[in-house]
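Colleague: I've got the sequence and the model open side by side. Could you walk me through it?

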Amino acid sequence: MSGKVKRPKARLPRGFVDTAGGDVLEREAMIASILPVYQRFGFRPLETPVIEHLDALGKFLPDKDRPGEGVFAFRDDDEQWVAMRYDLTAPLARYVAQNRNELTMPFRRYQVGPVFRQEKPGPGRFRQFMQCDFDTVGAKSMVVDAEVCAVLATTLEALGIDRGEYIIRMNDRKVLNGLLSSAGVAVAADDASDDERAAADAQRAHVLRSVDKLDRVGVDGVRLLLGPGREDESGDFTAGVGLADGQIDQIVAFVTAGGGSRSEVLARLRDVVGDEAEGREGIEELETIDGLLTAMDLDSDCVALDTTVVRGLDYYTGPVFEAELTDGTSYGSIAAGGRYDDLVRRFTGQDVPACGASIGVDRLLATLRARAEAAEAPLDGPVMVTVMDADRLVDYQTMVTELRQAGVSAELYLGRKNLGQQLKYADRRRSPAAIIAGSDEFDAGTVVIKNLGYGKEVSADISDREEWLNAPDVQQTVGRGDLVAQVKSLLD
């Protein structure tokens with residue numbers, strides 16, 4: 001009697017998805033819109049293998065003793081550790097080092113292909129995903145960094161995302177490094193041993209990865225990650241950096257100090273950094289980029305200077321960039337990159353400057369789908385009461401209570417972010433209106449009611465921010481005692 005046949009169960013590995021039919025065609029159409037922009041800026045195609053030697057990839061993602069941590073790694077038939085590439089930048093560095101005598105510098109290339117990361121999956125975040133990169137290798141000029149912003153802006157607009165519907169945020173790693181040095185974080189003495197320098201580098205990398213999670217875990221979560229560690233909703237625990245409270249305060253104060261035009265943020269950064277050499281060098285780089293962006297007609301509403309942008313990968317050495325949509329539909333950043341002047345030097349021992357960015361094709365595609373669905377969905381979320389003055393929480397809570405008692409769904413914003421980020425949260429919650437009151441309004445006995453639904457309608461025909469703010473019915477200032485009646489009238 002023959003035994004029962006044991007058949008494999010048809011299932012996907014965790015964090016991977018099948019893509020079929022129209023989804024494949026939709027992704028191909030998106031890539032077909034992106035590549036002509038890259039080509040217009042002088043980039044040419046390159047293809048590298050999916051698998052690289054693990055030491056060629058470096059330990060920028062793994063950052064652990066075990067080689068396979070963070071990447072899918074295994075030994076090949078000659079006992080060499082190899083791994084699935086986790087991005088397209090590390091293979092580019094290997095290619096340039098291997099072929100540097102034949103390449104014309106600066107070398108400008110683009111590449112489209114899948115990358116693989118052994119990390120926890122989430123919404124719009126898979127273990128295999130498609131990236132669409134462009135990079136310039138062999139040029140120190142900040143023109144390259146400013147051009148990254150121009151390429152990203154042109155690409156997003158080629159995909160039908162209009163100016164004002166996206167924001168490119170930039171920062172400089174050197175500024176944050178300067179702050180860490182002044183705070184006594186991750187500093188190795190001049191006569192430090194190799195092990196001591198490695199420990200300082202590891203601590204600095206741990207700090208950067210912790211700060212990079214600000215959007216996902218909030219300020220309190222970052223404080224825990226910089227200190228003892230954090231347990232997420234699923235029970236998973238992430239070890240902390242172990243910094244002292246004073247050091248944490250300095251870092252958090254820096255990364256939450258953004259807002260305003262690029263020139264305003266630069267002025268504040270100069271005061272924060274003081275005379276620290278590396279930080280001052282980073283500010284000078286940002287000042288140069290700011291002037292170039294202005295010449296390219298990319299103002300602060302398009303490319304903003306944001307101290308929260310640090311990027312989690314360890315190889316960035318200067319300016320860093322992230323792009324996202326401003327209507328709250330992004331699953332995090334849809335494009336990111338920066339300057340990585342030391343990556344090729346790992347192979348050659350010679351300085352080879354490089355800078356570029358990557359568009360996450362699958363995440364951008366998921367974001368555009370969510371954006372289209374959101375445009376059709378009703379604004380049935382709660383009226384959002386924003387917090388402009390943390391000392392007036394009782395007053396804000398009173399507004400929320402009055403609205404709820406009148407039968408209006410209302411919510412008090414509970415985070416610690418600027419008004420723009422609070423309104424972005426309101427968009428995600430599908431709020432029909434937002435209530436705004438700062439010191440001027442409290443002194444005058446008024447509140448501002450922003451009609452979020454109508455604001456989206458008129459924004460389709462208005463490109464100027466001031467014109468939009470002054471458009472009839474986008475927002476109105478009313479007496480504090482008329483708040484409930486005016487909100488109910490707006491909802492009706």
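This is a predicted model: local features need pLDDT of at least 70, side-chain atom pairs count only at pLDDT 80 or more; totals for chains, interfaces and linings use all residues.

Colleague: What share of the residues is buried?

Modeller: Buried here means under 20% relative accessible area. Across the 492 residues of the protein chain, that share is 48%.

Colleague: And what share of the contacts joins residues at least 24 apart?

Modeller: The count takes contacts between residues at least 6 apart in sequence. Of those, the share joining residues at least 24 apart is 69%.

Colleague: What about the surface: how much of it belongs to carbon and sulfur atoms?

Modeller: The accessible surface of the protein chain comes to about 24000 Å². The part belonging to carbon and sulfur atoms is 48%.

Colleague: On to charges. How far apart do the centres of the positive and negative side chains lie?

Modeller: There are 58 positive and 82 negative side chains in the protein chain. The centres of those two sets lie 6 Å apart.

Colleague: How many salt bridges is that, and which residues are linked in a network?

Modeller: A salt bridge needs a side-chain nitrogen of Lys or Arg within 4 Å of a carboxyl oxygen of Asp or Glu. By that rule the count comes to 25. The residues linked in a network of salt bridges are Arg169, Asp306, Glu322, Glu324 and Lys424.

Colleague: Take arginine 108. Which side chain does it meet in a salt bridge, and is that partner buried or exposed?

Modeller: The side chain of arginine 108 meets that of glutamate 147, at 2.8 Å from N to O. The pair links distant parts of the chain, with arginine 108 in strand E5 and glutamate 147 in helix H4, 39 residues apart. Arginine 108 has 21% relative accessibility, so it counts as partly exposed.

Colleague: Which residue forms a salt bridge with glutamate 157?

Modeller: Glutamate 157 counts as partly exposed, at 31% relative accessibility. The closest N and O atoms are 2.8 Å apart, and the partner is arginine 163.

Colleague: Now alanine 93. Which residues is it in contact with, leaving aside its neighbours within four places in sequence?

Modeller: Alanine 93 is found in helix H3. Its relative accessibility is 2%, so it counts as buried. Valine 148 is 55 residues away in sequence and 18 Å away in space, C-alpha to C-alpha. With the close sequence neighbours left aside, the residues in contact with alanine 93 are Leu343, Val344 and Phe347.

Colleague: Which peptide bond is cis around proline 106?

Modeller: Proline 106 has its place in the loop between H3 and E5. Omega is near -5 degrees for the cis bond, which runs from methionine 105 to proline 106.

Colleague: Last one: aspartate 297 and arginine 430 each have a positive phi. Which of them is buried?

Modeller: Phi is near 65 degrees for aspartate 297 and about 60 degrees for arginine 430, and neither is a glycine. Aspartate 297, in the loop between helix H10 and strand E10, counts as exposed at 59% relative accessibility. The other one is in the loop between H14 and E16. With a relative accessible area of 15%, the buried residue is arginine 430.

Key:
Residues are numbered from 1 along each chain as its sequence is written. Side-chain values use heavy atoms; hydrogens and water are left out. Buried means under 20% relative accessible area, exposed over 50%, partly exposed in between (1.4 Å probe, protein chains only). Contact means heavy atoms within 4.5 Å. Accessible areas come from the Shrake-Rupley method with a 1.4 Å probe; for residues, only the protein chains shown count as cover. Lys and Arg count as positive and Asp and Glu as negative; His and the chain ends are not counted. The place of a charge is taken as NZ of Lys, CZ of Arg, CG of Asp or CD of Glu. Helices (H or I, at least four residues) and strands (E, at least two) are DSSP runs, numbered from the N terminus.
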